Amino acid sequence: MGYGLRAGDICLMQNDYLLDGKLIFSREEEVKIEDVDPDPKAPGLKYVVRSKTSGSRFRLSGRDLKRKFCPECGALLISLGNNCPECIWVVPGKEDLFGRKTVPGSPRSHGSGVI
Ligand SMILES: [Zn+2]
């Protein structure tokens, strides 16, 4: 995941990215964040990167990108890891994906009582 990215950060594409059937970015392709500029209609699309194949700039979401380097210590991040191999930095956004069950909400009844 590439949440909290800034202009100048180097990322890898999470997946192939197609537009009208044409490959704009390919999986594991290295891209540089040129700007952070949310799309007014889709604020999640905010990381501006340039396609090497089309030459155009596109807004991508953090979901499309993953960091290549640790923002804390600069270590190369291992593809499958969710944290830095060199320091305690953890990829932000992980909680969003896996922590939904713990989001506070209305009390849930569990048979004998409410927890
Ligand atoms: Zn680190």
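Author: Asp-20 sits in the loop that joins β2 (17–19) to β3 (22–25); strands are DSSP runs of E of at least two residues, numbered from the N terminus. The model is predicted: local features need pLDDT of at least 70, side-chain atom pairs count only at pLDDT 80 or more, and totals for chains, interfaces and linings use all residues. Residues are numbered from 1 along each chain as its sequence is written.

Reader: Is Asp-20 buried or exposed?

Author: A residue is buried if 20 or more other C-beta atoms, placed from the backbone, lie within 10 Å of its own, exposed if 12 or fewer, and partly exposed in between. Asp-20 has 5 other C-beta atoms within 10 Å, so this residue is exposed.

Reader: What is the phi of Asp-20?

Author: Asp-20 is not a glycine, yet its phi is positive. The value is near 50 degrees.

Reader: Where is Glu-28 found, and is it buried or exposed?

Author: Glu-28 is in the loop between β3 and β4 (30–32). Its phi is also positive, about 75 degrees, although Glu-28 is not a glycine. With 12 C-beta neighbours inside 10 Å, Glu-28 counts as exposed.

Conventions: Helix = DSSP H or I, 4+ residues; strand = E, 2+ residues; numbered from the N terminus.
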